[in-house]
Amino acid sequence: MSLTLAKYENFLVKNVSTISTLESSLRSITWFLPGRFKDADLVSEALSALLNIISLYHDTLLARIVKSDPQWRPILPTPLHTKYTRAWSDKDALYKWLARALELVRFTQLLVEMVMRRKLPTRARWRGIVLMETVKAILRFILLRITHRPLLSPPIPERDIDPASLPPSSIHSSPTLAPTTPSSSPPPTPDHLKNNRVALQPSTLMLTPPPPGRADTSVEDYLLPKALTTASVRPSLQLVKPLVSIQDWAAEVIYVLRPLIYGNLSVAMLTTGKHKDRALMTAFALELLSRNLRRVPSPSSTVERDEYARRDRDLVWYLVRGSVWDSYTRPKIESIAENVATKPIIGAFIMIIRDWIPLIDEYYYYTAL
């Protein structure tokens with residue numbers, strides 16, 4: 001088995017650029033499969049889950065190659081999210097494996113729900129969803145206990161390297177990776193300058209000032225996003241400050257428990273048949289409560305600010321859940337679709353949206369919390 005894995009890893013390294021392009025192309029195809037044939041949604045999600053799992057393995061392998069080979073070193077600074085999560089993965093093996101397990105559950109949860117919907121009654125399917133949310137909550141609480149810091153999504157490092165630059169056989173310098181030791185010999189003089197005895201005159205374009213009223217800031221605009229900041233030189237584990245007060249902990253605990261509470265209330269609604277909107281309204285109230293209780297990160301806490309911004313953007317998903325989706329969002333989308341269905345290009349896009357609407361009606365994890 002180890003020999004087979006070694007051969008596969010060697011094949012991956014030699015063809016990493018092609019494999020990365022193939023992954024991206026197959027992932028794009030999954031968006032167009034639903035509605036094309038029977039069980040197309042199941043095939044699409046199975047392919048998507050498989051691609052995500054394979055990509056996770058490939059990312060782990062590529063990161064190990066870059067780390068173990070001193071020939072390669074990234075020129076641009078590592079993204080802060082990757083820097084932080086990689087530091088925790090290197091420091092604590094339990095964090096690394098729990099974070100990967102959490103991502104595997106997230107990759108396969110919709111596929112599992114699709115299988116349960118075909119094999120089990122509605123109430124049993126929701127109990128399966130509650131079980132998956134319980135597993136995810138336990139994993140998140142253990143990660144929270146290890147780090148004592150707000151959880152990031154995803155909790156594992158994301159791919160931040162150029163796959164095309166990784167094969168060791170390449171002898172050319174890469175746009176994103178460079179040798180750690182510069183060449184000892186100076187660069188050769190071009191042939192057309194070897195016999196030059198007269199100093200070159202400065203170009204008039206370099207001496208002419210820019211026209212008034214036009215600031216030439218193209219270089220500054222390009223370099224400023226790549227400049228080192230205080231967060232870039234801060235130790236990796238200090239990019240997110242620990243939770244200190246009870247209010248900080250309460251905000252994070254409430255955020256972790258939201259999906260589990262929503263699932264339990266949904267099961268109770270199926271049992272009693274009453275209070276149809278209780279689960280959605282409770283989850284939304286918990287979302288707002290967590291948002292109000294959480295601390296305000298300092299301007300230099302880029303990683304934490306980005307995570308909270310992502311959580312705020314996720315509030316939009318409440319428009320495609322429960323009674324809000326049934327009574328407001330779906331009728332609006334269907335009305336717009338009817339009006340623009342005859343347009344040549346927009347019509348094709350609307351057909352894809354119409355194929356996805358039944359999936360939002362039937363599956364929880366298409367718009368999960």
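A cavity is a set of points, on a 1 Å grid over the protein atoms alone, where a 1.4 Å probe fits but cannot get out, and lining residues have an atom within 4 Å of a point. Grid points are joined across faces, edges and corners, and a volume is the space filled by probe spheres set on the points. The model is predicted, with local features requiring pLDDT of at least 70 and side-chain atom pairs pLDDT 80 or more, while totals for chains, interfaces and linings use all residues. Residues are numbered from 1 along each chain as its sequence is written, and side-chain values use heavy atoms, with hydrogens and water left out.

The largest cavity has a volume of about 60 Å³. Its lining is formed by Y84, Y95, L143, T147, P150, L151, L152 and P155. Of the residues in this lining, seven are nonpolar, one is polar and none is charged. In this division, Ala, Val, Leu, Ile, Met, Phe, Trp, Tyr, Cys and Pro count as nonpolar, Asp, Glu, Lys and Arg as charged, and the others, Gly among them, as polar.

The second largest cavity, of about 40 Å³, is lined by Y255, E287, S290, R291, R294, R311, D312 and L315. This lining comprises two nonpolar, one polar and five charged residues. Helix 11 (278–293) and helix 12 (302–313) each supply at least two of the lining residues, and helix 11 gives the most, with three.

The protein has 14 helices and two strands; helices (H or I, at least four residues) and strands (E, at least two) are DSSP runs, numbered from the N terminus. Helix 6 covers residues 122–147, and its 26 residues should span 38 Å at 1.5 Å a residue, in agreement with the 37 Å between its end C-alpha atoms. The expected span is 1.5 Å times one less than the number of residues. After helix 6 comes H148, whose phi is positive, near 60°.

Q247 lies in helix 10 (residues 246–272). With a relative accessible area of 41%, Q247 is partly exposed, a class between buried (under 20%) and exposed (over 50%), with a 1.4 Å probe and protein chains only. Leaving aside neighbours within four places in sequence, Q247 is in contact with N292 and L293, contact meaning heavy atoms within 4.5 Å. Q247 and N292 are 45 residues apart in sequence, and their C-alpha atoms are 9.8 Å apart.

Across the protein, buried residues make up 34% of the 369 residues.

Conventions:
On a 1 Å grid over the protein atoms alone, a cavity is a set of points where a 1.4 Å probe fits but cannot get out, and a pocket is an open set with protein on both sides within 12 Å along at least five of seven lines; lining residues have an atom within 4 Å of a point.
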